[in-house]
Amino acid sequence: MKNLTTYLWVGIFILILATLLNISLGSVSIPLDEIVKSIFHLEVSKESWQYIILEYRLPKAFTAILVGSGLALSGLLMQTLFRNPLAGPYVLGLSSGASLGVALVIMGSSLFGGIAAGLFLSKWTLVIASSLGSFLVLLAILGASFKIKDTMALLIIGLMFASLTSAVVSVLSYFSPSQQLQQYIFWSFGSLGNLSWTEVGILFLFWLSGIILSIFCIKNLNSLLLGEQYAKSLGTNLKQNRFLVIFATSLLAGSITAFAGPIAFIGLAVPHLVRQIIPSSNHLVLVPAVILAGAILMLICDSIAQIPGSELTLPINAITSIIGAPVVIWLLVRKKKLMF
Amino acid sequence: MVVSKKKEVDVLDMKNKEAKTILSTQHLSIGYEDKVVAQNIELNIKKGELLAVIGVNGSGKSTLLKTIIKELTPIAGNVFLEEVAIENISAKEISEKISIVLTETHFSKNLRVEELVSLGRQPYSNWLGILTSKDKVAVQNALNLIAVQDLAHKKCSDLSDGQLQKVMLARALAQNTPLIMLDEPTTHLDLYHKAFVLKMLKKLSKTTQKAIVFATHEIDLALQLCDKIILVNNGEVIQQTPENLIKEKHLENLFPSDLIQFDSISKSFKIKS
């Protein structure tokens, strides 16, 4: 246990370093001491620097922390619930639902005449469309979870939802003019930097509720490691637990997708990374570890996406996969076996 | 109805002379909506007893065990757990009375042995599942009883089938229930380890005074070791001592008689020549 507290402190230390690194990078180079001054509202030599730090880079770093930790935790929840190492935050079709919502708004407008074309450019429209999409998928999945006894069947239903919605998105794309298509593709790249402090606040509330729900699931998640029958024999209420876990995941992954777009790989890869580092399967240890590691990895990915020293920024969704995929491949080759 | 909670008795210290009934059934009929599997079952399982449930494939062994652990509802009659009808007992309370060991090994192999055995303490731990020092003692006791202390820090993926079986048994012991039920605990094991596991169950039932019930196809070994046999055959369930079961010739027509035959002198089945 003493060992584990050390891990925790090291994790927090790295998180702070990663946050500082993330804030210090960007298209405008700002000296480190000026950054620290800006954060603590001290006198800064250039007012624009303070503005960039406080209104742009800091909310972006916070978003990265919320997005990374939330997705990583959703991934862990799904891997344990479905007892499947390949499960991630989006296995239930949440991101597909969000994509469909956004695709309908962006591309459907041209197809169906559109209500007010100008409205569709608004960020909030996209957030609402994407939340609605996720929410409808969530309702369908929760409904199914009450009817279906077998958790694996639920997994397959989630996958079916995903292919169904992506097929509809394909049809929409096929008939869309290039301008709308590009707009949709830009959304699907994901973005951390578009959020104002108010939006970060809203995202934080969803994130917090997801985290609190997950904490209440910790004991049952541990019993689920033994399989559903054993869990039941230990007094676990399987249906209630399944509901809570799916609900927590939806809150986390749904709100993140709504604000930052679909972000790949973090949710799948981080729990596996953490299992390699931390010698424990206890969710009491894994949940905080995954939250920390997810936040750190996301900050690093975002820092790389800035391409330090240049004015270019790469799409964050591509970076997470470019980093995530080799990591998982490396793990598989080294360990030969991926366990949940 | 008050079920005493968290009454922890040191597993080694339970040498109660009086044989108390842990589980009994009255006029129990088991089966599914469209099919009755067996009727009028009268069982009486006492503490310190080792019982084997035997019967051919599809005879209803699992149906019986599932009904006892409240996974299936009886068609008629009742199951009593320490004299309380099981329909009045919550899943949480049952978890303090009955622990199980299954044949399937689809649990997370990432678990370390000690973690896995600790999960047996869940019925007693708080909402976060944090172990108290009492829980830790129970876990160590369970590991000691099965003699797997040296595996404590190994990952389950590094264990053999036989070791896994022992570890799962240790987990059930850590749950500290008066009744342990095992589903075919010897399935993947060679003959030596089959005998080893069954002898260990025998020893445990005596030292811990727990009632241990296991479903098995090892009829020969069960006849040699068990205090009682529960025979499930053709919609009938009989609970008897091995001697009486043989004397009353219940085993003669257990299997179709064209290939094997029960030999009451050697207490085993012989292939017909």
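This is a predicted model: local features need pLDDT of at least 70, side-chain atom pairs count only at pLDDT 80 or more; totals for chains, interfaces and linings use all residues.
Me: What are the ipTM and pTM of the model, and what is the mean pLDDT of chain B?

Reply: pLDDT is the predictor's confidence in each residue, from 0 to 100. The model scores ipTM 0.89 and pTM 0.90. Chain B has a mean pLDDT of 90, with 93% of its residues at 70 or more. Residues 1-17 of chain B have pLDDT below 50, and this stretch makes 18 contacts in the model beyond near neighbours in sequence. Contact here requires C-beta atoms, placed from the backbone, to lie within 7 Å.

Me: Where in chain A is confidence lowest, and where is it highest?

Reply: Helices (H or I, at least four residues) and strands (E, at least two) are DSSP runs, numbered from the N terminus. Chain A averages a pLDDT of 87, and 95% of the residues score at least 70. In chain A, the lowest confidence falls in helix α5 (residues 108-111), at a mean of 69, and the highest in helix α9 (residues 197-224), at 96.

Me: At what angle do α4 and α8 of chain A pack?

Reply: Axes are lines fitted to C-alpha atoms, for helices over the stretch in contact, and angles run from 0 to 180 degrees between N-to-C directions. Angles under 35 degrees count as roughly parallel, over 145 as roughly antiparallel, 65 to 115 as roughly perpendicular and the rest as oblique. Helix α4 (residues 94-106) of chain A packs on helix α8 (residues 178-188) of chain A at about 155°, the axes being 9 Å apart. The two helices, α4(A) and α8(A), are therefore roughly antiparallel.

Me: Which residues of α4(A) and α8(A) meet?

Reply: From α4(A) come A:Ser99, A:Val102, A:Ala103 and A:Ile106, which meet A:Gln180, A:Gln183, A:Tyr184, A:Trp187 and A:Ser188 of α8(A). By class, this contact of α4(A) with α8(A) has five nonpolar, four polar and no charged residues. Ala, Val, Leu, Ile, Met, Phe, Trp, Tyr, Cys and Pro count as nonpolar, Asp, Glu, Lys and Arg as charged, and the others, Gly among them, as polar.

Me: How do α12 and α13 of chain A pack?

Reply: Helix α12 (residues 266-277) of chain A and helix α13 (residues 283-305) of chain A have axes 9 Å apart and an angle of about 120°. α12(A) and α13(A) are therefore oblique to each other. Residues in this contact include A:Val270 and A:Val274 in α12(A), and A:Leu286 and A:Val290 in α13(A). The contact of α12(A) with α13(A) divides into eleven nonpolar, one polar and no charged residues.

Me: What are the domains of chain B, and how far apart are their centres?

Reply: Domain bounds come from an automatic or database domain assignment. For chain B the assignment gives domain 1 (21-91 + 178-185 + 206-273) and domain 2 (98-176). The C-alpha centres of domain 1 and domain 2 of chain B lie 26 Å apart. Eight residues of domain 1 of chain B contact eight residues of domain 2 of chain B. On the domain 1 side, the residues are six nonpolar, no polar and two charged.

Conventions
Residues are numbered from 1 along each chain as its sequence is written. Chains are lettered from A and ligands numbered from 1 in the order in which they are written. Two residues are in contact if their C-beta atoms, placed from the backbone, lie within 7 Å.
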